[in-house]
Amino acid sequence: GLSFSVAEGEVFGLLGPNGAGKTTTVGVLTTRVVPTSGTARVAGLDVRADAVAVCAKLAVVPQRQNLDRSLGVRDNLVFHAAYHGVGRAERNRRADELLERMGLTDRAKAVADDLSGGQAQRVMIARGLMHSPEVLFLDEPSTGLDPQARLFVHDQISGLRDEGVTVVLTTHDMDEAHKLSDRIGIVDHGRLLALDT
C-alpha cells in the first residue's frame, strides 16, 4: 500500500509518527529489509535483483550513531571510501574536503566516543558522502540534536539539494519536513496517506 517515486535531485520527506513504517520503507529501499511483495527501485535498479549495485549508488545515515569506535573521525571516512573502492588519493582528498565542509577539521583524530551528538551526526553524513552516492537516505537526521547542531545539519541537507544529490529523509517533525523537503509523503500504519508539496 506504499507507492511513491522520488525525482533525481529532489529532497523527499517521509513524515509520520513513530512506528508508521518510515524506517522499514528505508530498510527496503536500502536492501536491509527484504520486501515480501511489490517492487522497489533505487537509481533505476531493483533492490532485490541488483542489491549489490543498488548499495554502490546509495548511502544511509541511520538514526543511531554507528561510527567505528576504534577509528578516528578521518579514518572512519577513509575506511568507508576504501570499502566502496574509492582510490587512495581521491579518498584522502574527499576526507579533507568533507571534514572542512562539516566543520570537523579540528576533530579529525578524535574517536567517536569523544564527539557530541551533533558532531557524530555530521561525521555520519560526511561518511555517507565519501563515495559520492546518487541517493542519500537520512533516518531522523536531527533527532536528539541541540538547536545549533540541528540548524547545521539542515543547512547541509539544503546544500546537498543544490548539488543535485537526491535525498530521502524520514522524520516525525513537521517543521523539519516542511523546511527541507520538496515533497512530503505522509505515512501511518504502513500506508501512504498523502503525497504532495
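How many bridges join strand β7 (residues 183-188) to β8? Strands β7 and β8 run antiparallel and are joined by 5 bridges.

## Basis of the description

This is a predicted model, in which local features need pLDDT of at least 70 and side-chain atom pairs count only at pLDDT 80 or more, while totals for chains, interfaces and linings use all residues. Residues are numbered from 1 along each chain as its sequence is written, and side-chain values use heavy atoms, leaving out hydrogens and water.

## The sheet

Helices (H or I, at least four residues) and strands (E, at least two) are DSSP runs, numbered from the N terminus. Two strands pair if DSSP finds at least two bridges between them. Six strands, in the order β4-β5-β6-β1-β7-β8, form an open sheet with mixed pairing. Because β4 (58-61) and β8 (191-196) each have a single partner strand, one side of each lacks a neighbour in the sheet. From one strand to the next, the twist averages 15°.

## The nonpolar cores

A nonpolar core is a set of buried (under 20% relative accessible area, 1.4 Å probe, protein chains only) Ala, Val, Leu, Ile, Met, Phe, Trp, Tyr and Cys residues joined through side-chain atoms within 4.5 Å. The largest such core has 36 residues, and Leu136, Leu138 and Ile157 have the most contacts inside it. Elements giving two or more residues to this core include α5, β5 and β6 (166-171). Helix α5 supplies the largest share, 6 residues. Another core, of 16 residues, lies apart from this one, and Phe12, Val28, Val54 and Val135 are among its members.

Technical notes: Axes are lines fitted to C-alpha atoms, for helices over the stretch in contact, and angles run from 0 to 180 degrees between N-to-C directions. Buried means under 20% relative accessible area, exposed over 50%, partly exposed in between (1.4 Å probe, protein chains only).
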